[in-house]
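Here are my notes on the model, point by point. Please read them with the structure open.

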Amino acid sequence: MDLKYNEKVFLSNQFKILSLLYGIKGNESEAKNYELAAEGINFGLGDEAFMNIELPDDHDMDKKSKEYVFEVLEMYNKIYGVYQNKLSEKERESLDINDIKFIGFDGNSSQGLLYFCNYLMDDLNRFGRLGSFIKEHHWERNSHGDDDAKLKKMVEKYKSLKDTGDNFGLKEIEDILSV
């Protein structure tokens, strides 16, 4: 990481402040890590100054990935809403609950899809019905890489069906799940 002089000064000061704050909170290990990072910057050690601290990724999530996460969450929100509120008991029984299980996103992916999903659902409290349904059935949001290709196909199918409005029902759910 190539830093200009003024960036080094700002970053060093920020790390000194973080060191003090961690010290106040009683986390001496983190306080020491930030103190060492500030010293490393001051002595021109480059990237090695950051070895013991966690820095944010240096890239932003692209718009297409964000849209994909929104589409997945909207699709499942719709499916679960229809399942809970519109389908008859007989129609619900025709679906195996595991067939509509939330597939989720791969937490090991460098794309950050799971992190963005968790941010939307937990931090911003979006998609409450979906979050409740997932918790109720003890499902994970981390797919561990399973069914990523299927999820993309499901979203494409959903996008072709989502404008059916109030007519969205069992047939549309089955169409999405059958991909």
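1. Phe 105 first. Leaving aside neighbours within four places in sequence, Phe 105 is in contact (heavy atoms within 4.5 Å) with Tyr 68, Val 69, Val 72, Leu 113, Leu 114, Cys 117, Arg 141, Asn 142, Ser 143, His 144 and Leu 151. This is a predicted model: local features need pLDDT of at least 70, side-chain atom pairs count only at pLDDT 80 or more, and totals for chains, interfaces and linings use all residues. Residues are numbered from 1 along each chain as its sequence is written, and side-chain values use heavy atoms, with hydrogens and water left out.

2. The largest nonpolar core has 38 residues. Such a core is a set of buried Ala, Val, Leu, Ile, Met, Phe, Trp, Tyr and Cys residues joined through side-chain atoms within 4.5 Å; buried means under 20% relative accessible area, exposed over 50%, partly exposed in between (1.4 Å probe, protein chains only). Tyr 76, Phe 102 and Phe 105 have the most contacts inside this core. H3, H5, helix H6 (128–136), H7 and H8 each give two or more residues to it. H3 gives the most, with ten residues. Helices here are DSSP runs (H or I, at least four residues), numbered from the N terminus.

3. Apart from that core lies another, of eight residues, among them Tyr 34, Ala 37, Ala 38 and Ile 41. Ser 12, in helix H1 (residues 5–24), touches Ala 38, Ile 41 and Asn 42, not counting residues up to four places away in sequence. Ser 12 is buried, at 2% relative accessible area.

4. Which side of H7 is buried? Leu 151, Met 154, Val 155, Tyr 158 and Leu 161 are the buried residues. The buried residues of H7 pack against H3 and helix H8 (170–177).

5. A search of the whole structure finds 14 aromatic pairs. Rings of Phe, Tyr and Trp (its six-membered ring) pair if their centres lie within 6.5 Å; planes under 30 degrees apart count as stacked, over 60 as edge-to-face and the rest as tilted. Phe 70 and Phe 116 are edge-to-face, at 5.8 Å centre to centre and 80° between the planes. Phe 70 lies in helix H3 (residues 63–85) and Phe 116 in helix H5 (residues 113–123), so the pair ties together parts 46 residues apart in sequence. Phe 116 is buried at 12%, whereas Phe 70 is partly exposed at 24%.
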